[in-house]
Amino acid sequence: MRRSVIVDTTVRVVFPAIVLLSLYFLFAGHNQPGGGFVGGLVVGGAAALRYVAGGVDEVQSTFRFSPALPLGAGLALASGTALVPLLLGDAILESAKRSVDVPVLGTVNVTSVLVFDTGVYLVVLGVVLATIVAFGRDEEATP
Amino acid sequence: MAWAVAQAPDVVDGATRSVELVWSNGLGLSIELRLDGLALLMVLIVAGIGVLVCLYALRYFSASTPGLGRLAGPLVLFGGAMTGLVLSDQLLTLFVFWELTTVTSYLLIGWTDGSARSRAAALQAILVTGAGGLAMLGGIVLLGEAAGTYRLSAIVADPPSGTTVSVALVLVLIGAFTKSAQTPFSFWLPGAMAAPTPISTFLHSATMVKAGVYLVARLAPAYGDAAVWRPLVLTVGLLTMVIGGVRALRQFDLKLLLAYGTVSQLGFLTVLLGAGYEAASKAGIVVLLAHALFKATLFMVVGIIDHQAHTRDLRALHLGGPGWRGTLAVAAASAASMAGIPLLFGFVGKESAYEAFLHDGDGWAGVVLAATVLGSVCTVAYAARFVWGAFRSETGRWDDAPEPVVDVPPPRMSFLAPTLPLAALTVVLGVLPGLADGLVGAALASLYTGDPSVHLKVWHGFNTALTLSALTLAAGFVLFAARVPVARALGRAPALPTGETGYLWSLRALNRGADRLTGVVQTGSLPIYAAVILATALLVPGIALLGAPWPGWPELTHGPVELAIVTLIVTGAVVVARTGRRFAAALTLGTVGYGMAILFAVYGAPDLALTQFAIETLSVVLFVMVLRFLPERFVRSRAPSTAKAVRLGVSVLVGVVVTAFLIVANGARSEPPISSGFVDRALPEGGGRNVVNVILVDFRALDTLGEITVLLVAAVGALALALGGRRAVRRNQESRP
């Protein structure tokens, strides 16, 4: 596959920023625009950029795991958060919140839905990666 | 087991323990457990034999056998499910446990997954019992709705009646009959013998197959006099008993012999416990206990023989020598109990069965007695056949007999040990049946109100029942002595149509039907699919729209910015429809999406806008990725112009209907929107200021969970399709040169 130096370099520069942005969306989502779904889409977009720059191999050398990993881990996290309250005698998916003092950031409200949202984030990332791995190979494309 | 034993004295005194665990309030489902006499008896059987089977399995399998975990897991799960089944007082809970036993039985029968025969047997078992379970679910719902409660004890105490209930009873009985391998569904049980012997011992002789009998026993006191009940139960039970017994006489495989014997005994139990007379039920409970004791033992003996001699063919076996004496004693005692020889527990059961039908039975007594005697004669004959076949030389008796096995190493004592408690109980209870009075009495009291005192005795004096017993034994031994001509005659007799023929026929018919239906529905034509989908979208809401009042046109525009965006969207849409290149179409579709996103942002929905932007970007990339597999241009349609006109018409109509629907739906609001409540509750309850996110991950988190599950399934499907297809292509390429 022919690679463009300009695209290559640009992608390399913006990639960490996009991933950071997606994490921001994930964590800020409860109070600001964002959330796990958008975060997952954004990081998926970052993966897609890698794909545009260097194909499936580039994506796989960046995300060095099978797409099944975020898919499974995400769903496990989400359903885990759904089930834990059940074990504690609450209704399914009951959320809990707690204020934590973090040295630099000050008081942060942590809720259990963040874990759930992380699950959503991972599943969305997994779906994008799975699609790229499944359909992104060049050699079978019939131009 | 220990818990059950600890509870036993109280229950025998007439107390019942009930526990209620609320499962789902909204659906009114709760797990109601109730321990009464009959449940106690069943729990003791399940737990007691379960423990012994586990000990037995320790010797039966060597530690290095592959897949033992796959065996032990379902086995323990089955034990739990079976205990739950007999304890649950709620019909729906009972059904759940019932199906759990079906599923675990499937897994256990198919444990030898390398053998096609055992897979087929497992499939057959789950299809037959599963279909019966489905019928039973229908019956349970009908019965529960008619009674106004799903509580078993309440239904039995105050049984509803009517046509609905009759239908419900027939459905429930079908479920019970499939589970307990009654004619015409009995064929799955001999097939299930493909399972390892410890499994057969536990599931297919002592416990699971008794589930159907158990349910029949529960309902019989209440419905014994219902018009459909007695004819159906007695006919099926008696037929099963006789046919099973006759079939057992033909078997050379010891395990299959026992399997058909079990079928026969289950028929016997159905007759006794299903008749709905107190005396018959008493006999039924005794036979239930006796059967569990001797049949589990006999199965374990077969397992020992199979394990040591590597064959179960009674023509080849002649086990002797000092090492085999213990096994012989255990087997002989159990088989004699099965045959109903005096001073063993089986005799007490058979005697009380004859006694019961000598007194009650209305018009049925004669038929029942005759068939029971006939079935018991067969039982005596196959019991003798079992013992003689395994332990005495049958050389020269059978044509085409396999080579006899010699010098079979005797089993270790620890292998035989689990059978000893059961055999000992068979003997002790046979000599002193009074020991079981309390247990049987409590079980009987849980079925019938009134005086529960039971006095089991060996000796009732010379009476008709004793004469019948003696007659049965004599005839049975005559039948056994004539085993060669009998087997030959049975072999020549035309094969009776079995339920298996029907099973195979319906399986084939289902496959053919599915084939044809798929051929009709899935034509593979994209225009037809699209037309069906659009027509549905057109007709269903369209018809609903016809009666709705028109709320008037909403405010059409909020300003010039909006107009500009809409122009962008509309232009994009038109270009998509007109362009001939796929690539251009995909990109232009992106503008439509971005336009929508801007619109969301303008209206103050940043979350929606963000999501829409991200989705559009990704979908353009994914589109492009997939488009490489397709030709650059759309195929020029060669359809006639009328077809084109129809397509255009359908598209325009869909557009109009959707627009109208949105306007009407917006105007039709009569309640305050649910979202205003969400806005107020977001911060205090959800702990977040972003209402959209709080809705997604808190208020409606279950929906989100469902959605990501769907996403995951879709992704896995895509991966499997693409990678699987790639592998197939590669294989083709490799094999071609």
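Chain B is divided into two domains: domain 1 covers 2-62 + 69-504, and domain 2 covers 525-670. These bounds come from an automatic or database domain assignment. The C-alpha centres of domain 1 of chain B and domain 2 of chain B lie 64 Å apart.

Before going further, a word on the model and its numbering. This is a predicted model, in which local features need pLDDT of at least 70 and side-chain atom pairs count only at pLDDT 80 or more, while totals for chains, interfaces and linings use all residues. Residues are numbered from 1 along each chain as its sequence is written, and chains are lettered from A and ligands numbered from 1 in the order in which they are written.

**Where the chains meet**

Two residues are in contact if their C-beta atoms, placed from the backbone, lie within 7 Å. By that rule, 38 residues of chain B are in contact with 46 residues of chain A. On the side of chain B that touches chain A, at least two residues each come from α26 (606-627), α29 (691-699) and α30 (701-735) of chain B. The largest share, 14 residues, is supplied by α30(B). Helices here are DSSP runs (H or I, at least four residues), numbered from the N terminus.

What kinds of residues make up the side of chain B that touches chain A? They divide into 25 nonpolar, 9 polar and 4 charged. Ala, Val, Leu, Ile, Met, Phe, Trp, Tyr, Cys and Pro count as nonpolar, Asp, Glu, Lys and Arg as charged, and the others, Gly among them, as polar.

**Two loops of chain B**

Let us turn to some backbone details. The loop between α7 (163-179) and α8 (188-191) of chain B holds Pro184(B), and a cis peptide bond, with omega about 0 degrees, joins Thr183(B) to Pro184(B). Ala181(B) is found in the loop between α7 and α8 of chain B too.

The loop between α13 (278-309) and α14 (325-339) of chain B contains His310(B).

| Residue | Phi |
|---|---|
| Ala181(B) | near 55 degrees |
| His310(B) | near 60 degrees |

Are these residues buried or exposed? A residue is buried if 20 or more other C-beta atoms, placed from the backbone, lie within 10 Å of its own, exposed if 12 or fewer, and partly exposed in between. Ala181(B) is buried because 29 other C-beta atoms lie within 10 Å, whereas His310(B) counts as exposed, with 9 C-beta neighbours inside 10 Å.

Ala316(B) lies in the loop between α13 and α14 of chain B, and is partly exposed, with 19 other C-beta atoms within 10 Å. Its contacts, not counting residues up to four places away in sequence, include Thr311(B), Ala401(B) and Pro402(B). Ala316(B) and Ser393(B) are 77 residues apart in sequence and 8.2 Å apart in space, C-alpha to C-alpha.
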